[in-house]
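Here are a few friendly notes to read with the model open beside you. Take the points in order and find each residue as you go.

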Amino acid sequence: MAGSRQDNYIICEDLFKIYKVADLEVVALRGLDLRVKKGEMMAIVGASGSGKTTLLNILGGLDSPTAGNVVVGKSNLLKITAADLVRYRREDVGFVWQQAGRNLVPYLTAAQNVELPLILLGWSQKDRKEQAEEMLEAVGLSHRKQHLPDRLSGGEQQRVAIAVALANNPPLLLADEPTGELDSHSAADVLDVFQSLNHAYGITVVIVTHDISVTHKVQRVVTIRDGRTSLESLRSNGPATTLHDPQHTYDEFTVLDGAGRLQIPREYMDKLKLKGRVKVTLEKDHLSIWPEKGSPGYIEK
Ligand code: ADP
Ligand code: MG
């Protein structure tokens, strides 16, 4: 594991996030493990409430974890100082939200939206203009640079949002349901932009999504369940170029963490009525898991 640390850009180990609401504690992340390689483009999927946005907010430095370990690039986000966190948010990560409205300032043109974060960073006017041109070209919207957001389609707005997020060349791009409000055609355009930026600039891209078409465009899909990474699907022969490409198949793995914990797929638990105590036995080259003798799922031999 020590050797692989170097090429991982994101490392989450046993990550916990507990929200306190009045007297209640909501455990949004419970011992989550995740590694993302530098330059990788991957997707995180999971049911509503499984902790996807919480994870993304932590990775973006917008929320702080309760316990565990999270390192992004050179920054340890549990130990980071307030000043370094501000710098991290400004320089090291770009964010794209589901609602295009949250990404763009409505009374600024596409180009002005891209320039805005650069003004805050003190870029000169000339550099800002050049950068806005380059970024809008990279997302295929040079011809729309003078348009206000409400003159752009939803897909175009999201592409401008990507240009804004990447304006100051952050090494990491985080996107929370970026195609959630788009039709399938616009969604495909937006995903193509993620892909081409990932290829062209080597940006690490993490996309949280419900959208099955997203998962066809990435090499790896991690499933979160109840605040933990439970499954990993790896594409066996590279990202697909079209949706539902039959040439591309996934290898699916259950994730085993450093403490030996894994999440048994829900359907297996239901089928064998596994609950509470189970028997785990070591075979020559695998493990077997049995319902406890006398429990509802146990079959007398
Ligand atoms: P997802 O994005 O996968 O739908 P979230 O990360 O938004 O999931 O939420 C995970 C869990 O944490 C949910 O039970 C949610 O209600 C809870 N949660 C999220 N944000 C807050 C918050 N600010 N305060 C309290 N509970 C929260
Ligand atoms: Mg969410």
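**Notes on the ligand site and a surface patch**

1. Around ligand 1 you will find Tyr19, Val21, Val26, Ala28, Ala47, Ser48, Gly49, Ser50, Gly51, Lys52, Thr53 and Thr54, each with a heavy atom within 4 Å of the ligand. This is a predicted model: local features need pLDDT of at least 70, side-chain atom pairs count only at pLDDT 80 or more, and totals for chains, interfaces and linings use all residues. Residues are numbered from 1 along each chain as its sequence is written, chains are lettered from A and ligands numbered from 1 in the order written, and side-chain values use heavy atoms, without hydrogens and water.

2. Helix α1 (52-59) gives the most to this shell, with 3 residues; β1 (8-21) and β2 (24-37) each supply at least two. Helices (H or I, at least four residues) and strands (E, at least two) are DSSP runs, numbered from the N terminus.

3. Look at the oxygen atoms of ligand 1. An N or O atom in the side chain of Thr54 lies 2.5 Å from one, and a polar side-chain atom of Thr53 lies 2.8 Å from one. For Gly51, a backbone N or O atom is 3.1 Å from a ligand oxygen.

4. Now turn to β12 (278-282) and β13 (287-291). These strands form a hairpin with 4 residues between them, and they run antiparallel, joined by 5 bridges. Leu282 stands opposite Leu287 in β13.

5. Is Leu287 buried or exposed? Leu287 counts as exposed, at 54% relative accessibility (exposed is over 50%, buried under 20%, partly exposed in between; 1.4 Å probe, protein chains only).

Note on methods. Pairing = 2+ DSSP bridges. Polar contact = N/O pair within 3.5 Å; in protein donor to acceptor, adjacent residues only side chain to side chain.
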